[in-house]
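Please read it with the coordinates open.

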Amino acid sequence: MAVTPISEMNVLGKRLVVRADLNVPIQDGKVSDDTRIARFAEGMRPLIAEGARLIILTHMGRPKGVLEPTLSVDKLRRSLSEHLGVPVKFSDVSADPAAEIHAKGLQDGEVLLCENVRFNRGEEVNDPELARRYAALGDFYVNDAFSCAHRAHASTAAITQFLPAFAGPLLMAEIAALTKALEAPQRPSVAIVGGAKISTKIAVLKHLVQKLDAVIIGGGMANTFLFGRGAPMGSSLHEADQIETVREIEALAEKSGCAIHLPEDVVVSREFRAGADGTTVAWDACPEDQMILDAGPKALAAFQQVLEGARTILWNGPLGAFEIPPFDQATMALARTAAELTRANRCVSVAGGGDTVAALNAAGVADDFTYVSTAGGAFLEWLEGRELPGIAALQSAQHAA
């Protein structure tokens, strides 16, 4: 069942209760990275121009139902106003008669930001009474926070029981990009999956090897696969207790016709620090007193060859210790290859996850990818094939619309 985008509705004079994710970094009381605010505002400006009255609900941090002044969202107002192009009013509550008064006083094209929804005790337990109070603020509910869609909270799930419910522009873009990359990919389709531990991405790997044509595995996860094939690990990060999981993933891949690509050479070092000396050795030749910290040049060339033939690239996780040069080389180089192929219209590229976004930014190629998700946990759960409560709530609520 599909969700209905708010763009299909006549919003003139309508109060839209919009769930956003504006949980951005704050330094010295000011927004230090406004990327999320800018992306959110881009989708909201056309609605404002059409005469919608926006009531924005968002969270910041994890106050657990307690009013914590340092986590007030009031400090977002200046940046939000700059990006929306209109003044932003503020309600120091988000579910209270006072908030209703503010919301009902809005004129066409005006915007109200409500206080941190996680100050409310019922928010994270999906309390229907709290959701009813949120719903009292507006005429339509709009979920534009894919990054919160894996949480069944009052402002993402229960509220859909009380208002006609729609998907916002960012949410629609995220669903479209991920569906295109995973559910209906142009083939050959390739995933790059990296990171420290297999144990955190078992479900992701099992799902991907049954959906795509190839999976490139890097980082500490690759070490565990190599260990399973008999490679010595020295002092490398790996999970010796996950060998059975490795076998299961490999069996699923073979059954599904998905090729698993591992590094054929690796960069090792005695020290895990910036500027440390690194040596390239074969995949099965890590010395006892050293650790694997990156994929080697042969591995990189082989991975690049896989991408050259791909029509869809899905990326989650770095190939090595990308945050510590010189062990960032494989991740940076492969990111640039994916970006070049995307720019040449030879593939669709979708990336997500905190480390992945940081790596693409460090390589200077984030803007070249077809789509970069900042959703974190929701992105991972989508890769696992799990139903996201926030999306499911929009789907089941369509009768109200």
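This is a predicted model: local features need pLDDT of at least 70, side-chain atom pairs count only at pLDDT 80 or more; totals for chains, interfaces and linings use all residues.

1. Largest pocket. The largest pocket holds about 430 Å³ of space. Its lining comprises 20 residues, and T35, R39, V357, N361 and T374 are the closest to the centre. Two or more lining residues come from each of α1 (35-49), α11 (354-363) and β17 (371-373). By residue class, the lining of the largest pocket has 7 nonpolar, 9 polar and 4 charged members.

2. Second largest pocket. Here the space is about 350 Å³. The second largest pocket has 24 lining residues, with G219, G220, L237, G320 and A321 nearest its centre. Helix α7 (219-228) and strand β14 (291-295) each contribute at least two residues to this lining. The lining of the second largest pocket divides into 15 nonpolar, 6 polar and 3 charged residues.

3. Salt bridge between D139 and R15. The count of salt bridges in the model comes to 18. In one of them, D139 pairs with R15, with 3.5 Å between the closest N and O atoms. D139 is in the loop between α4 (128-135) and β7, while R15 belongs to strand β1 (residues 15-19), so the pair ties together parts that are 124 residues apart in sequence.

4. Salt bridge between E248 and K206. The closest N and O atoms of E248 and K206 are 2.8 Å apart, and the two residues form a salt bridge. Since E248 is in helix α8 (residues 243-256) and K206 in helix α6 (residues 202-208), the contact ties together parts that are 42 residues apart in sequence. E248 counts as partly exposed, because its relative accessibility is 34%. K206 also falls in the partly exposed class, with a relative accessibility of 25%.

5. Other salt bridges. D74 and R77 meet through their side chains in a salt bridge, at 2.8 Å from N to O. D74 is partly exposed, at 30% relative accessibility, and R77 is partly exposed, at 30% as well. Elsewhere, a network of salt bridges links R229, R247 and E250.

6. Is G354 buried or exposed? G354 counts as exposed because its relative accessibility is 56%, and the cut-off for that class is over 50%. G354 lies in helix α11, one of the elements that give two or more residues to the lining of the largest pocket. From G354 to I101 the C-alpha to C-alpha separation is 38 Å, and the two residues are 253 residues apart in sequence.

Technical notes:
Residues are numbered from 1 along each chain as its sequence is written. Side-chain values use heavy atoms; hydrogens and water are left out. On a 1 Å grid over the protein atoms alone, a cavity is a set of points where a 1.4 Å probe fits but cannot get out, and a pocket is an open set with protein on both sides within 12 Å along at least five of seven lines; lining residues have an atom within 4 Å of a point. Grid points are joined across faces, edges and corners, and a volume is the space filled by probe spheres set on the points. Helices (H or I, at least four residues) and strands (E, at least two) are DSSP runs, numbered from the N terminus. Ala, Val, Leu, Ile, Met, Phe, Trp, Tyr, Cys and Pro count as nonpolar, Asp, Glu, Lys and Arg as charged, and the others, Gly among them, as polar. Buried means under 20% relative accessible area, exposed over 50%, partly exposed in between (1.4 Å probe, protein chains only). A salt bridge is a side-chain nitrogen of Lys or Arg within 4 Å of a carboxyl oxygen of Asp or Glu.
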